[in-house]
Amino acid sequence: MKCPFCGHGDTQVVETRISEDGDFVRRRRQCGACDKRFTTYERPEVTFPAVVKKDGRRADFDAAKVRASMALALRKRPVSIEQIDNALLRIEQKLLASGLREIESNKLGELVMRELKRLDKVAYVRFASVYRSFEDVDEFRQLLRDI
Ligand SMILES: [Zn+2]
């Protein structure tokens, strides 16, 4: 791999570490010309299922978008960024484990709701009330009773 500092082609791996959860390999490399060190990360290449919207259009799964909607629901709630990250990770793992090539947007919404329910009830109701179009008041009451 080329040195990002001087562009020299000869860099050596000086250290290899596997992340705590085994999700990636971290390598420290050193340039043979300028001696500067840099880090590379190696992760498996994965493909998430495409998200099928209500009108039938397909879009790439966008983790940043999911995170943004979760953060919005969790605004001013006592939930750390790390907890949101972990929840997002669980959603991603479920998507990958499903082996699906596409997923309906409302199914993805259900996954998000399930995670929010675990994190914070207020955020869950916020998200659910926006996300779900309630048929009637009873349905909404049922939801409130469930939590
Ligand atoms: Zn260099």
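**Reading the zinc site and the packing**

Mentor: Along the chain, the donors of the zinc ion follow the spacing C-x2-C-x24-C-x2-C. Please bear in mind throughout that this is a predicted model.

Trainee: Which atoms coordinate the zinc ion, and at what distance?

Mentor: The donors are the SG atoms of Cys-3, Cys-6, Cys-31 and Cys-34, at 2.3 Å. Cys-3 lies in the segment before strand 1 (11-18), and Cys-34 lies in the loop between strand 2 (25-31) and strand 3 (37-42), so this pair ties together parts that are 31 residues apart in sequence.

Trainee: Is Cys-3 buried or exposed? And how does Cys-34 count?

Mentor: A residue counts as buried under 20% relative accessible area and as exposed over 50%, with partly exposed in between. Cys-3 has 4% relative accessibility and therefore counts as buried. Cys-34, at 30%, counts as partly exposed.

Trainee: Let us turn to the aromatic rings. How many aromatic pairs does the structure hold?

Mentor: The structure holds two aromatic pairs. One of them joins Phe-24 and Tyr-41 in an edge-to-face arrangement, with 5.4 Å centre to centre and 75° between the planes. Phe-24 belongs to the loop between strand 1 and strand 2 and Tyr-41 to strand 3, so the pair ties together parts that are 17 residues apart in sequence. Both residues are partly exposed, Phe-24 with a relative accessible area of 21% and Tyr-41 with 48%.

Trainee: And how is the pair of Phe-48 and Phe-61 arranged?

Mentor: Phe-48 and Phe-61 form a tilted pair, with 4.8 Å centre to centre and 45° between the planes. Phe-48 lies in the loop between strand 3 and strand 4 (50-52), while Phe-61 lies in the loop between strand 5 (58-59) and helix 1 (63-73), so this pair ties together parts that are 13 residues apart in sequence. Phe-48 is partly exposed at 26% relative accessible area, whereas Phe-61 is buried at 13%.

Trainee: Which charged end sits over the ring of Phe-24?

Mentor: That of Arg-43, which is 4.8 Å from the ring centre of Phe-24.

Trainee: Next, how does one read the two sides of a helix? Which residues of helix 1 are buried?

Mentor: An α-helix has 3.6 residues a turn, so residues three or four places apart point the same way. In helix 1 the buried residues are Val-66, Met-70 and Ala-73. They cover an arc of only 60° around the axis, which puts them on the same side of helix 1. On the other side of helix 1, Lys-65 and Leu-72 are exposed.

Trainee: What covers the buried residues of helix 1?

Mentor: The cover includes helix 2 (81-98), helix 3 (105-119) and helix 4 (121-131).

Trainee: Finally, how do the elements of the protein run from the N terminus on?

Mentor: Their order is β-β-β-β-β-α-α-β-α-α-α, with five helices and six strands in the protein. Of its 147 residues, 28% count as buried. Among contacts between residues at least 6 apart in sequence, 42% join residues at least 24 apart.

Terms used
Residues numbered from 1 in each chain as written. Predicted model: local features only at pLDDT ≥ 70, side-chain atom pairs only at ≥ 80, totals over all residues. Heavy atoms only, no water. Donors = N, O, S within 2.8 Å, 3.2 Å for Na, K, Ca; no water. Helix = DSSP H or I, 4+ residues; strand = E, 2+ residues; numbered from the N terminus. Buried < 20%, exposed > 50% of the residue type's maximum accessible area, 1.4 Å probe, protein only. Phe/Tyr/Trp six-rings, centres within 6.5 Å; stacked < 30°, edge-to-face > 60°. Lys NZ or Arg CZ within 6 Å of the ring centre and 35° of its normal. Arc of directions from axis to C-beta. Contact = heavy atoms within 4.5 Å.
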